[in-house]
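Hi everyone, thanks for coming. Let me put the model up on the screen, and then we'll walk through a few spots together.

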Amino acid sequence: MNVTFELFGVLRHVAGRKEVVVEVPEGSTIAEAVERLAILAGPDIGRYLISTEGTYTASFVVGGKRGSPADLVSAETSVKVLLAAGGG
C-alpha cells in the first residue's frame with residue numbers, strides 16, 4: 001500500500017521535493033512508513049525526523065488530526081510531516 005508524505009520547510013528542502021510516496025505492507029505504522037521515507041528521501045532527512053535518542057522530532061498529521069508514530073496507516077494514506085520551529 002502507498003503512503004504519501006507531504007513535506008514542509010527544511011524537510012522539503014532536504015528531500016528536494018514536496019511529496020514522497022512510500023510503499024509499505026498492509027498493517028504498517030507511521031513509524032514504519034517513516035523508516036521507509038528516510039531510506040527513499042535520502043540519508044539526511046532521517047536526522048530531522050528522529051533524534052539521536054530515537055524519539056520523533058517531527059509531528060505527523062493524518063486526516064486532519066495529529067498522528068502518533070504507533071498509529072496504523074491505511075491504504076492511500078496522506079501524512080503531513082511538520083517540524084517545530086527551532087529556537088534561537
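Strand β1 (residues 2–7) and strand β2 (residues 19–23) run antiparallel, joined by five bridges. Strands here are DSSP E runs of at least two residues, helices are H or I runs of at least four, and both are numbered from the N terminus. Two strands pair if DSSP finds at least two bridges between them. Quick note: this is a predicted model, where local features need pLDDT of at least 70 and side-chain atom pairs need 80 or more, while totals for chains, interfaces and linings use all residues. Residues count from 1 along each chain as its sequence is written, and side-chain values use heavy atoms, without hydrogens or water.

β1 also has five bridges to strand β5 (residues 77–83), and that pair runs parallel. Look at F5: its bridge partner in β2 is V20, and in β5 F5 stands opposite V79. Five of the six residues in β1 are buried, meaning under 20% relative accessible area with a 1.4 Å probe on protein chains only; exposed is over 50%, and partly exposed is in between.

Now, which side chains meet in a salt bridge? E6 and K80 do, at 3.4 Å, N to O. The rule is a Lys or Arg side-chain nitrogen within 4 Å of an Asp or Glu carboxyl oxygen. E6 sits in β1 and K80 in β5, so the pair ties together parts 74 residues apart in sequence. K80 is partly exposed, at 34% relative accessibility.

Last stop: L49, in helix α3 (residues 43–49). L49 is buried, at 0% relative accessibility.
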